[in-house]
Amino acid sequence: LKQQISSGYSSFAIDASFLFDETGKTTSEELKKNIEVTTDLANFIKDTIDDSIQYGLEVEVGEIGKRDKKSGLVITSVDEAVTFIEELNKNEIHPNLLAIANGSSHGNIYDESGKLIEQISIDIPRTIEIGKALQKYNVRIAQHGITGTPLELIATHFPKDVILKGNVGTYWMNIA
């Protein structure tokens, strides 16, 4: 792995969002394990990669597509996003991108009869709110789970100043 990392990758994505502690009494406690694992992996990358190579770092808070019993799809709060980035920064980890849970889910969604349901559940106002809160940290949003989102919605409603990157596999997934 060290040889692969040092041989020229230009971007890394770390997703430990599933390590959310629902028993935590504060946001920092809820995110503690995610912060620890993300820090450890980011430090491994930093320690392994050639100092002359610039690379991007994407991290994730809020598990994409996760549902809870009370509110349905889990949505990342502004407090969670800011706390996560602040704690990483305290650990000398400075990501470029943050993936958040904002109503999206991975893959296509189908109804009971197998008909494709367009994904229009992304909470754009929350995404903008988080994006603006992260500006002072020089972090933008990596929008995960836009497979099945109508291209028109992406073109007209996605905030280009907040979302820098989108992960979409619609056409590939439909072919496969």
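Guide: The side chain of glutamine 143 makes a polar contact with the side chain of asparagine 102, at 2.7 Å. A polar contact is a pair of N or O atoms within 3.5 Å; within protein, one must be able to donate a hydrogen and the other to accept it, and residues adjacent in sequence count only if both atoms are side-chain atoms. The model is predicted: local features need pLDDT of at least 70, side-chain atom pairs count only at pLDDT 80 or more, and totals for chains, interfaces and linings use all residues. Residues are numbered from 1 along each chain as its sequence is written, and side-chain values use heavy atoms, with hydrogens and water left out.

Glutamine 143 lies in strand E8; helices (H or I, at least four residues) and strands (E, at least two) are DSSP runs, numbered from the N terminus. Glutamine 143 counts as buried because its relative accessibility is 1%, where buried means under 20% relative accessible area, exposed over 50%, and partly exposed in between (1.4 Å probe, protein chains only). Leaving aside residues up to four places away in sequence, glutamine 143 touches several others, among them Ser104, Ile122 and Phe158; contact means heavy atoms within 4.5 Å.

Two strands pair if DSSP finds at least two bridges between them. Here leucine 98 stands opposite isoleucine 141 in E8. Strand E2 (residues 56-61) also runs parallel to E5, joined to it by 4 bridges, and leucine 98 in E5 is the bridge partner of valine 59.

In a regular strand the side chains alternate between the two faces of the sheet. Within E5 (residues 97-100), Leu97 and Ala99 point one way, Leu98 and Ile100 point the other way, and all are buried.

The second largest pocket is lined by Ala42, Ile45, Lys46, Tyr55, Leu57, Glu92, Ile93, His94 and Asn96. A pocket is an open set of points on a 1 Å grid over the protein atoms alone, where a 1.4 Å probe fits, with protein on both sides within 12 Å along at least five of seven lines; lining residues have an atom within 4 Å of a point. Helix H2 (residues 27-48) provides the largest share of this lining, 3 residues.

Asparagine 43 also has its place in helix H2. Asparagine 43 and isoleucine 93 are 50 residues apart in sequence and 7.7 Å apart in space, C-alpha to C-alpha.
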